[in-house]
Every structure is written in C-alpha cells, then in structure tokens.
Amino acid sequence: MNRADMEVKLEALHPCSFAWALGCCRRDRHDAEEVLQAAYLKIFGVRAGFEGEPQFKTWLCAVRRKTPRGQRVRRCV
C-alpha cells in the first residue's frame, strides 16, 4: 500500500481513532492528541509497516494499542 492510499484510509478512520485515544487518556484531549500523533508517526516510520495481509483497520488498532506504552499516559486495555 502506498503512502497516499494509507493517508486516505487513516483519514477515514481518524474519528474512531481519536475516540479510542480519548478513552485511553481519561478524556484528556491533549494527551489523546499526543498518543494519536505518536501512533501516526510510527505508522509512517520504519517501525510499523503494513504489508497488506490483515485488514487495515485491524492493523491500525494494533499499532495504536501498542503506542501508549511508550507515552506518558497509562496503557490502554
């Protein structure tokens, strides 16, 4: 999947991604934005590569779920 296709998919899933981040961050908007930004940077970086095997949304959820571990907010369940 090329970067442009991935951006379109991420944009479509952003509302549910942000809702997830808010729930993970105890409704703190600033922390939620930071966690989601870190997840997006990871997605476009070297450390998270989508190879096309799983559904995109499933893969995105896995990346998001693992991202808060390195952030200052508590881990999402």
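A: Two residues are in contact when they have heavy atoms within 4.5 Å. Please keep in mind that this is a predicted model. Leaving aside residues up to four places away in sequence, L36 touches H14, S17, F18, A21 and R64.

Q: Where does L36 lie?
A: L36 belongs to helix α2, which covers residues 29-44.

Q: Is L36 buried or exposed?
A: A residue is called buried when its relative accessible area is under 20%. L36 has 2% relative accessibility, so the residue counts as buried.

Q: Which secondary structure elements does the protein chain have?
A: The protein chain has three helices and zero strands. Read from the N terminus, the order of elements is α-α-α.

Q: What share of the protein chain is buried?
A: Of its 77 residues, 40% count as buried. The accessible surface of the protein chain is about 5100 Å², and carbon and sulfur atoms account for 50% of that area.

Q: Which residues have the most contacts inside the largest nonpolar core?
A: The general idea comes first: in soluble globular proteins, nonpolar side chains tend to be buried together. In this structure, the largest nonpolar core comprises 18 residues, and those with the most contacts inside it are M6, L10, A32, I43, F56, W59 and L60. Two or more residues of this core come from each of α1 (3-24), α2 and α3 (56-66). The greatest contribution is that of α1, with eight residues.

Q: How many salt bridges does the structure hold?
A: A salt bridge requires a side-chain nitrogen of Lys or Arg within 4 Å of a carboxyl oxygen of Asp or Glu. The structure holds one salt bridge. It joins the side chains of R29 and E33, at 3.5 Å from N to O. Both residues lie in helix α2, four residues apart, or about one turn of the helix.

Q: How accessible are R29 and E33?
A: Exposed means over 50% relative accessible area, and partly exposed is the class between buried and exposed. R29 has a relative accessible area of 51% and is therefore exposed. E33, at 39% relative accessibility, is partly exposed.

Methods. Residues are numbered from 1 along each chain as its sequence is written. This is a predicted model: local features need pLDDT of at least 70, side-chain atom pairs count only at pLDDT 80 or more; totals for chains, interfaces and linings use all residues. Side-chain values use heavy atoms; hydrogens and water are left out. Buried means under 20% relative accessible area, exposed over 50%, partly exposed in between (1.4 Å probe, protein chains only). Accessible areas come from the Shrake-Rupley method with a 1.4 Å probe; for residues, only the protein chains shown count as cover. A nonpolar core is a set of buried Ala, Val, Leu, Ile, Met, Phe, Trp, Tyr and Cys residues joined through side-chain atoms within 4.5 Å.
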